[in-house]
Amino acid sequence: MAESISVVINKTFSHTISWHETFLPALRTLPVDQAQKLLEHILTCDPKEIEAHVYHNHYFVMKFIGEHGEWLNNRDFLENQIEDFFRFSWNEGKSRSFVGNKTWERFMSWVFSVKDLCVSSMLQEKLLSIAEDVNQEGWLRSACAEALGNSGMKDKAMELLLFIVEDKNRDEGLRSSCARAVGKLGVKDKTAVERLLTLAEDNNQGDWLRSSCARALGKLGIKDKTAVERLLAFVENKNEKGWLRGAYAEVLGKLGIEDKTVMERLLALAQDENQDGWVRSGCAKALIKSGIKEKPVELLILLLEDENQDGLMRSSCADTVGKLSDKDNKLVERLLTLIEDESQDSMLRRSCAEAVGNSTAKDKEAVKRLLALAEDESQEGALRGACAKAIGKLNVKDKTVVGRLLTLAEDGYPDAVVRRSCVVAVGNLYVKDKVVVKRLLTLALDENQEDVLRGFCAEAMEKLEVKDKAVVERLLTLAEDRNQDTLLRRFCAKAIGSLDLKDKAVEILIELYFTQREKISDEARLIYDALWNLTGNS
């Protein structure tokens with residue numbers, strides 16, 4: 001019976017069909033031995049000569065095991081699958097993905113989803129043995145401890161992570177990562193708070209570790225008066241570094257300040273012009289987070305506008321201001337004024353443009369002023385690009401604006417950053433118009449254009465959800481053309497994969513993946529991400 005079902009699988013289902021939506025729920029209706037044979041067959045269904053599990057069949061099997069492992073009644077089979085899935089997902093700590101580490105993130109998600117007591121016990125036993133083994137590599141122990149927390153053993157995971165955090169012989173990056181992991185666990189344990197606080201206060205520790213411990217306290221969210229007082233004392237200590245004091249002030253905001261005396265002390269620091277700018281901005285942000293708006297917001301704006309302040313701190317203020325509620329657009333107006341001021345630092349102007357893009361403003365006047373800057377050839381390319389991207393985020397659907405952005409993208413003279421940013425903005429604005437698509441396609445097909453711009457045009461058409469078969473066919477032709485650059489082919493394959501040619505897109509991406517000698521190169525990882533997103537249904 002299992003053999004006949006295998007034949008059906010091979011003939012009927014391609015890699016683009018998710019097993020958990022078809023066969024896996026029906027496995028419980030089979031005898032156990034036949035169900036296991038079918039699971040073993042599914043594990044062989046990924047195409048040969050491509051990195052194992054890229055089509056996620058193994059993950060779908062693991063989901064079944066996570067719910068029905070005890071029913072299978074085969075410890076060796078379960079242990080082998082857990083070991084195989086763990087080894088593949090961890091991959092010796094090397095991410096196959098360009099963005100994040102998709103295989104390990106999926107493993108962590110699976111651990112959290114396991115309901116079967118037998119599988120859960122086996123999994124915890126494995127993770128615990130690695131996390132407790134001092135001879136294992138530190139990052140692996142940290143990852144296993146965090147996974148252990150996902151499996152339900154949060155107290156044990158927290159203890160293991162804190163042990164690494166406190167180990168002075170360990171790399172500061174690892175210790176900081178473990179501190180952040182403690183915060184994510186969210187275990188409201190006063191002993192953990194004390195241990196994190198002790199490290200945060202210890203000026204013999206590295207600044208990175210200290211700030212990570214403080215931020216972990218903010219994640220834990222324990223409103224302990226002693227902890228608040230100790231953090232506040234640190235913020236008021238002029239012997240500590242300004243940026244660190246500001247970071248600790250923001251932690252107080254995340255804890256949710258309710259004590260009026262604490263609020264008054266933070267406000268006094270925020271208003272004190274003799275204090276470091278990072279301290280003042282951190283205190284203002286803490287007060288805003290705690291519900292006090294008017295004075296702290298104005299103080300942030302003043303720090304943002306103060307040319308004597310640190311550039312990074314001003315950019316940080318811009319980012320915060322852009323995310324605040326701004327019904328009458330007064331905050332956006334202040335940001336726009338800074339963007340237009342050519343005497344301001346270039347990085348600050350770009351940060352303000354990004355802040356406007358992230359704001360809640362849907363103001364045509366803001367779009368008009370940003371577009372004027374994007375079109376101004378006397379401005380630096382990075383600023384013009386930032387203004388174009390901000391327009392795309394503001395989502396004011398105006399065909400005239402889209403047309404002007406496309407004109408900039410078509411112009412061979414502007415900085416490459418400007419042209420690319422305009423195409424990205426056109427895709428984000430989602431104005432579905434045949435003329436827009438035609439102009440994007442023309443750029444994508446033009447071999448005199450740079451490949452990145454052509455690829456961005458393909459991606460913009462993907463975002464516009466183009467349904468025109470002729471357009472999709474032209475993109476397919478580009479994706480299949482081996483004379484084209486790999487980057488362009490990847491963009492086009494990804495686009496057609498989202499536009500109803502998934503099987504063909506996967507075939508092209510596999511071919512491209514094979515051509516990459518180094519599977520850890522940026523391009524290989526981007527191809528892997530495209531494959532993952534097209535074939536995954538996790």
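**Helix packing in a predicted model**

Reader: How do helix 26 and helix 27 pack, in terms of angle and axis distance?

Author: In this predicted model, helix 26 (residues 469-480) and helix 27 (residues 486-498) pack at an angle of about 140°, and their axes are 8 Å apart.

Reader: Which residues of the two helices make the contact?

Author: Helix 26 contributes Val 472, Leu 475, Leu 476, Leu 478, Ala 479 and Glu 480. From helix 27 come Leu 488, Arg 489, Cys 492, Ala 493, Ala 495 and Ile 496.

Reader: And by class, how many of the residues in that contact are nonpolar, polar or charged?

Author: The contact of helix 26 with helix 27 has ten nonpolar residues and two charged ones, with no polar residues.

Reader: Is the crossing left-handed or right-handed?

Author: Helix 26 passes helix 27 in a left-handed crossing.

Reader: Why are the two helices called oblique to each other?

Author: Angles over 145 degrees count as roughly antiparallel and those from 65 to 115 as roughly perpendicular. The angle here is about 140°, and helix 26 and helix 27 are therefore oblique to each other.

Reader: Turning to helix 25, what is its span from first C-alpha to last?

Author: Helix 25 (residues 451-463) has 13 residues and reaches 18 Å between those two atoms, close to the 18 Å expected at 1.5 Å a residue.

Reader: How many of its residues are buried?

Author: Ten of the 13 residues of helix 25 are buried, so this helix is largely enclosed by the rest of the structure. The buried set consists of Val 452, Leu 453, Arg 454, Gly 455, Cys 457, Ala 458, Glu 459, Ala 460, Met 461 and Glu 462.

Reader: Which helices do those buried residues pack against?

Author: The partners of the buried residues of helix 25 are helix 22 (399-410), helix 23 (416-429), helix 24 (434-445), helix 26 and helix 27.

Reader: What follows helix 25?

Author: Helix 25 is followed by Glu 465, which has a positive phi, near 55°.

Reader: Finally, how many helices and strands does the protein chain have?

Author: The protein chain has 29 helices and zero strands. Its C-alpha trace spans about 80 × 65 × 40 Å along the principal axes, and buried residues make up 53% of its 538 residues. Among contacts between residues at least 6 apart in sequence, 65% join residues at least 24 apart.

Terms used: Residues are numbered from 1 along each chain as its sequence is written. This is a predicted model: local features need pLDDT of at least 70, side-chain atom pairs count only at pLDDT 80 or more; totals for chains, interfaces and linings use all residues. Side-chain values use heavy atoms; hydrogens and water are left out. Axes are lines fitted to C-alpha atoms, for helices over the stretch in contact, and angles run from 0 to 180 degrees between N-to-C directions. Helices (H or I, at least four residues) and strands (E, at least two) are DSSP runs, numbered from the N terminus. Angles under 35 degrees count as roughly parallel, over 145 as roughly antiparallel, 65 to 115 as roughly perpendicular and the rest as oblique. A crossing is left-handed if the near helix is turned anticlockwise from the far one by less than a right angle, and right-handed if clockwise. Contact means heavy atoms within 4.5 Å. Ala, Val, Leu, Ile, Met, Phe, Trp, Tyr, Cys and Pro count as nonpolar, Asp, Glu, Lys and Arg as charged, and the others, Gly among them, as polar. The expected span of a helix is 1.5 Å times one less than its number of residues. Buried means under 20% relative accessible area, exposed over 50%, partly exposed in between (1.4 Å probe, protein chains only).
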